[in-house]
Amino acid sequence: MQHERFVAEIRNQCAALRSAAIAAGPDAQVPTCPGWTVHRLVAHLARVQSWARAALRDPTGKDVRAGRRPEDWDELLVWWDEQLSGMIDGLADPASPAWLPWRGVPRNAGSWARRQAHEAAIHRLDAEHARAGNDDPDTVAALVFDPEFAADGIEELAGWLLPSRATANTSTCSGSVFLHAADAGRSWTLRIEPGVAPTFSAGGLEGDLTIAGTADSVYRRLWGRPSHATVTGDTTLLEPLAAP
């Protein structure tokens, strides 16, 4: 995907998230993030974006810190707008050097655009679930990410974030996970061994665990959100795949 598409997704997903959050109200529970309210969800994303903004300003990483968010709901929304706008300004040139905490990830603004596009998209789902509540989950299921974006999200999580975790797999799980996004015509294989980070490759035919469906449904399932993906095989392998 092109850098401009990631930046557009950040704008669009954040606008949709903001609308859903305001409609739900700050005290609404977020079913997909147990124990979280909408206020906490918005505060989390705003703080993450302030952190990304700092990382774009300081490629050395020495002074990269998240900003201090206000507690008042209306003030928080204003502060979030400021962090989002500042972060997007910092994403103007994808080749611009930037600090990132993940190993093996290109240290430039383009990587931050990709990461923040998917951060916003997944938390947009959380806000939509909060607005819908437990009584209307199909409303959120009707919001479908297009196959190209969802497939990129699968690769970003399984190919970038999981293998670059600071700590390796601490469970005793061992085996392969086959991911198949039918509408995107894509498949991937994750190999999991105790004591090491997962390895990721394109292609494959089968695994000890299979997660299959549309790219949208596989994307949601990898991030632990409600999904219509089909999950078959050794479900203990889901534990080391828990999204960061």
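Predicted model: local features only at pLDDT ≥ 70, side-chain atom pairs only at ≥ 80, totals over all residues.
Is the crossing of α6 and α7 left-handed or right-handed?

**View 1. How helices α6 and α7 cross.** The crossing of these two helices is left-handed. Helix α6 covers residues 147-161, and helix α7 covers residues 215-222. Their axes sit 8 Å apart, and the two helices pack at an angle of about 30 degrees. Angles under 35 degrees count as roughly parallel, so α6 is roughly parallel to α7.

**View 2. Who touches whom between α6 and α7.** On the α6 side, look for Pro147, Phe149, Ala150, Ala151, Gly153, Ile154 and Leu157. They meet Ala215, Asp216, Val218, Tyr219 and Leu222 in α7. Sorted by class, this contact has ten nonpolar residues, one polar and one charged.

**View 3. How helices α2 and α3 cross.** Now switch to helix α2 (residues 38-57) and helix α3 (residues 73-90). The axes of α2 and α3 come within 8 Å and cross at roughly 30 degrees. That makes α2 roughly parallel to α3. As for handedness, α2 passes α3 in a left-handed crossing.

**View 4. The residues between α2 and α3.** From α2, the contact takes in residues including Val38, His39, Val42, Leu45, Arg47, Arg53 and Leu56. From α3, you can pick out Trp73, Trp79, Trp80, Glu82, Leu84 and Met87, among others. Split by class, the contact of α2 with α3 has 14 nonpolar residues, six polar and three charged.

Note on methods: Residues numbered from 1 in each chain as written. Heavy atoms only, no water. Axes fitted to C-alpha atoms, helices over the stretch in contact; angles between N-to-C directions. Helix = DSSP H or I, 4+ residues; strand = E, 2+ residues; numbered from the N terminus. Parallel < 35°, antiparallel > 145°, perpendicular 65-115°, else oblique. Left-handed = near helix turned anticlockwise from the far one by under 90°. Contact = heavy atoms within 4.5 Å. Nonpolar A, V, L, I, M, F, W, Y, C, P; charged D, E, K, R; others polar.
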